[in-house]
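Please report on one strand with its partners, and on one helix with its surroundings. Keep it brief.

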Amino acid sequence: MADRAAEEHATPVRKVSTAVQRKISSTVNILRDRVHVGFENGFGTGRTRLEGEDPALIGSSQDAGAPENLPSGSDGQPGPLVGRPLSRSPTAEDIELDISMRVEELQKEGISNPAFEKSQDDEEYPEEAANTVSRMSTDTGRKRRINRHADRFRKISLGYGVNEAVPSAEHYQTENLDRLRPTLDDLRTEKAAREEDDVRQTGAETKLTKNKLGWIRGVVLWTILNLWGVMLFLRIGWMCAQAGMGLFLVIVVIATIIAVLTSLSTSAISTNGEVGTGGTYFMISRSLGPQFGAAIGVIFTLANTINVSLNIQGFADVFVKLIESAGAHITRSGDPDLQHLNDVRVIAVITLILLTGFTFFGMEIASKLQSVFFVILMAAIFNIVIGSIVPPTAENQANGFVGYSSALFAENFAPAFQHDSTGDNSFMTVFGVFFPSVTGILAGTSITGDLRDPANAIPKGTIVAICFTSVSYILLGWVTAAVTLRHASGNVSDLYAGTLQNCMANSSCTQGSINNFEIMEEVAHFRPIVLAGIFSATLSTSLGCINFAPKIFQALCRDKIFPGIHIFGKGYGKNDEPYRAYGLVMIVAVIFLMPANLNFISNIVSNCFLLTYALVNYATFDAAFSKSPGWRPTFRYYNKWLSLVTSIACIVIMFALDWMSAIIAIGVAVILWVFVYYRDPKVNWGTSGEANIYRRALTDALKLITVEDHVKNYRPQILLLCGLPCSRPALVHFANSITKGVGMLICGHVLVGKTLERREVLAREIYIWLRRQKIRAFYDYVAAERTVEGMKALIQTSGLGKLKPNIIMMGYQQSWSGWTEESINSYIGVINHAFDYNIAVAILYAKEGFDIGEVVNFEKLVRENVENLKMEENVNVFVKNEKAVPLDILPTDDPDMVARINLARKFEPGKKKRMNGEIHVWWLYDDGGLTLLLPYLMTRRSPWSGCPLKVFCLAGADPESTKKSMMTLLAQFRIKAVDVVPVNLDQTPSLQSQDWFNTLISDYRLNEVTRRVSRLDHYDESEMVQFSRRTMNQIRLRELLLEHSSQSALNVITMPLPKEGRNSLHYMVVLDTLTRNMPLTLLIRGTQESVLTYYC
C-alpha cells in the first residue's frame, strides 16, 4: 500500500517534469529561429538572400514565404480533412473516414459532441455504419449518403470545432497548472488536443467538493462562541463597575462598530470569489500581496494562539479556585500565591493538551460539541437574568448582590475608575480588557475550507453573530450593575450594622463587582450553571482558536513564502488535518500560559487582532480603490472610505490601548514584510497592489501628456534596434548604461512571419533574460514581411504618449560593402526616417562586433529560466534570482566570438567592474547638447563611472579663447571634464591619409568595370569634386582621432548627417572613415533641440 501511495504521489511530479521538458524544447527552438531575424550588429541578418531581397533586411529562411505547416496527426500523417488542401470533391468514403477518425480521437479524449451523434438516417441504414464501400450500390443512394454526411461534416467544420471546451469552473481556477482550454491557434487550425492537456473539461467531469457546514453551524455558532470568551462571566461585571453602565455601553458600541465595519470589509472580500484554505490570511495575501499576507499570516496565527492561552488560563483560574475552596491543591509551595500560580499552570497545560487532542476528530465533531457549549452558555445567561429577579439572601447581600433599586441604578450608571488589584484604571484600560471579546469575528473566515458556501455564509453569519453577542454583553453588564454594589465587605454582620461599604475607607473590601471577578456567580439563581457557562465559554473559544491557528499557519506554510516552514503545511487524513501545525501551536500556547496574567495576555491579543482588522479593512479599500474589473463582490453593503477610516481607527486604538505592545506587534509585522519584500517571491495572485500599479501607471501616463516639455526634464528614451537581446548583449548593456535610472530603454526586434503564440513565448523568455541580467528595459517586437518595414514600424509605434523614443540606437554594420545598392539606401532610409520623426540617432561601432547568437546556450538559458522561476506544487510561487547571472554561452574557439563575448562582459554592470581609460567627446557641432549629455550620463554608473571626460571642439580662429569658452560652458552645465582640446579640421590631411581614403573608395569609382560588376552605387568625378571639401574634413577628422583617441575607452563623435540628393554610398564611406579600426565609437546626432541648460 505504501509503494502504491508513493507511486500515486510521484505521478504528478513526472507529468510536470515532462511538461517542463516539452516547454524547454519548444522555447529553445523558437529562440534559435529568432537569432538571425532582426539585425546583425544592429542591422541585417544572416540567412541566404532570396532573389530581389535585401541581404541586410531579411529574416531566416523559415520566415520568408515558407508555406504554412499542414495540420498532422500524432503519427505524422495529414490531419483532419478541414486542414487538408483538396484536389477533388470529398467522397462519402473520405467524409465518413474523416468523421470516424475524429470520433475515435474524441472518444480517447473523453469528449462528446452532438455532431457525432447518429441521425435518423443512420438508424434507417445500420449496415452503412459497418462497411462504407458496401453502401454505395446505386447512384441515388450514393447522392443521399454524400448529402447526409456532408451535412454532418458542416456541423464540425463551421462555427464550432471539435476541440471547443464548454464553460467549466475548472477553466477559471487561477492556480491550475494545466491549461485545460485549447488555444486560439488550436481552434483555428483544427489541431488535435495537445499532449500537455491531460483533461478536457465539459463542465460535468469535475465537481468541486464542499464540506457540510452551513452559515449557522459554520459561522454563526463558531463566531458567537469565539466572541463569548473568558470575559463573558469573569470581567463583564468588573468592567461595568469601573466604567459605569453609561460608558460601558459606549465601550461596547465602539467595539461593535469596529467589528461590524470590519465584518463588512471581510464580507466584501470573501464574496469577491472563492476563498481558499487559510481564511483571513488567504484574503489578505491574495488582495495585498505576499508581503502583507505573510506578515498577517504570522500575526493572526500568533493572535489566535495567544487567545488560546488567554481563555484556557481563565478556565484554569476558575477551576483552581473551585478546588481550593474545597481545600485541595495540585502543587505544594510555602507561598500561597506561587502555589495558586503553579496550580493554574498545571491545569492550563493539561487542558491545552486535551483540547489539542480533541481537534484530531475534525470540524464536524467539533461543531457538534460547540452546539452543546452554546446551549450551556444560553442556559447560564438566562440563569443570571432569572437570578437577578429572585430576592437575594443575606449572604448574597453581604457579598454585594443587593437586588434592583433606582438609587443603585443611578449610582452605577456613572463611571468610577478606581485602583484595584489590576492597577490604575481608565476608559482605555477597560476598553483594552473588553476588546478581546470582539476579536473572534473572523472565526468564520478562518474555516472557509469547511464551509459549504463561504461567500454567502461569512457575511450573513458574521454580522448576526456580532449583533447577538453585543446585545448579550450589554444585557449581562447592565443586569449585573443594576443589582450589585461596587464594594462590599462580605460580612453579614456589617450588613446588619449598616457598615457594609465602610471598608472602602481603608480599601479592605473583598467583595462587590470591582473586587470580585466572579460576582455573576452571586447573582445567578443556580451557581453550578454559571460555572458550567464559564467553562463552556473558555473551552469553546479555546477549541475554536486551536482549530483556526494551525489551519491558517498551514496555508501560509504551503505558500512557501518563508524558508524552512513548509514541513508544517503537511496535512493528514481525509480532512487534511495539520497535525504538525497543531503541535507547534500547542508549544507556543504553553509559552504564553506561563505568565498567568490575563491583563498582560489580553493587551497582546488585542493589538494582534487590531492589526489584523486594520489590514483587512485596508485590503478592502485598496481593492475597491484600484477599480479593477476583477473586483466584483456580491456583498454591496460596504464603503471603501469607511474601510479606510476603520483601518486607521484600529491603528490609533492599538496605541491608545498599550503603546508598547502596539510597537512590538507593528515592529514584528514590518520585519516580516521587509523580509518577504527583499526575498521577493514572484507570485501570481492578481493582487490589488498589481491593479493599482496599472491604475497609477495609466493615470501618470495621461498626466504626462499634459506636461509641457522642458529642457531640464529631458530624459533619454532609447529605441535600441538590437534584434534578439540575448544574442547581442554588449549592445543592450551599453544602451542600458545610458538609460538605467534616468531614462527608458526599448529593445526593438523585427519578427518576420511568426505566429502570435511564438511571439508570446519569445517575449516571455526575453523579459526573464532582461530581468536576470539586471537590465531595466522593455521588449518591443513587430511582425513584418521585410526587416526595414518592421524597423520603420517600430520607430512609429514604440512607446505610449510622452513615453516614446527620442533616440534611435543601432549597431554599426561593418559588412556594408557586401550589400546591394537597395540595402544601403534602406539603411540610410531608416536613419532619415528617424530624423523625419524628429528622433535623434546613435550608431555604436565596435571592431569586435556584437552578434553572439551562434554560441548562445539556449538550452541552458531556458532551463535556468524554468528552474529559477520554478513553479511550486499547487501554488504559483516563483523565487527570483536576486543576482545578475553570467552570459549563457557555449564553448567556442572562434576568436571573433570570444572577442564579442569579452566585450559584452566588460559592459555588464557591477560594483567591481570598471572600464579603464578616458571617454573622448568630439563635440564638433551643436546638435542641442546630446553628444555631451549621453557620455556624461554613462559616467554616473558602472562600468563607466571611473572614466573621465575629455572634450574636443573646433578651434576656430582663436584656439585659446575657444578652449576657455568651452570650459566655461561645461562649468555652467555642471559637467566636469579633465581637459578641453581645440582641433582644426580646415587643415589639409596628409597624403598618406588621402591615399588611404582613395584606396577605400577605389572599388566604387565609376569605370567600365564597376559599371558591369559592382552591385553598389558608385562615385563619378563630378560628385567627388562637389563634396571634396567635406570629404577632406572627414579625412582630417580621422587623422585627429588616430592622433588623440586611438587609446581611449570610448569615442563619442557628432555624427554627420545624410544629405538629401547625396550619394548613399558616400555617406557609408564617411561613417567607415570615422570608425574603421577605431576604439569603441558612438556616433550621435541630436535633433537640434536643447537637452542641456545652465538655468536652475
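## Strand S3

Buried means under 20% relative accessible area. This is a predicted model. By that cut-off, 8 of the 8 residues of strand S3 (residues 744-751) are buried, so S3 is largely enclosed by the rest of the structure.

In a regular strand, side chains alternate between the two faces of the sheet. In S3, Met744, Ile746, Gly748 and Val750 point one way. Leu745, Cys747, His749 and Leu751 point the other way. Both sets are buried.

## Partners of S3

S2 and S3 run parallel, joined by 5 bridges. Gln717 sits opposite Met744 of S3. Between the two strands, the chain passes through helix H26 (residues 729-739). This β-α-β crossover is right-handed.

S3 also pairs with strand S4 (residues 778-783). The sense is parallel again, over 6 bridges. Here Ile746 stands opposite Phe778 of S4.

## Helix H29

How far apart are the end C-alpha atoms of H29? They are 22 Å apart. At 1.5 Å a residue, the 16 residues of this helix (residues 821-836) should span 22 Å, so the two values agree.

H29 has a set of buried residues: Ser823, Ile824, Ser826, Tyr827, Ile828, Val830, Ile831, His833 and Ala834. Their cover includes three strands, S2 (717-721), S5 (807-811) and S6 (840-845). It also includes helices H28 (787-797) and H38 (1064-1075).

Just after H29, Asn838 adopts a positive phi of about 60°.

Key
Residues numbered from 1 in each chain as written. Predicted model: local features only at pLDDT ≥ 70, side-chain atom pairs only at ≥ 80, totals over all residues. Heavy atoms only, no water. Helix = DSSP H or I, 4+ residues; strand = E, 2+ residues; numbered from the N terminus. Expected span 1.5 Å × (residues − 1). Buried < 20%, exposed > 50% of the residue type's maximum accessible area, 1.4 Å probe, protein only. Contact = heavy atoms within 4.5 Å. Pairing = 2+ DSSP bridges. Right-handed = clockwise from strand over helix to strand, strands pointing away.
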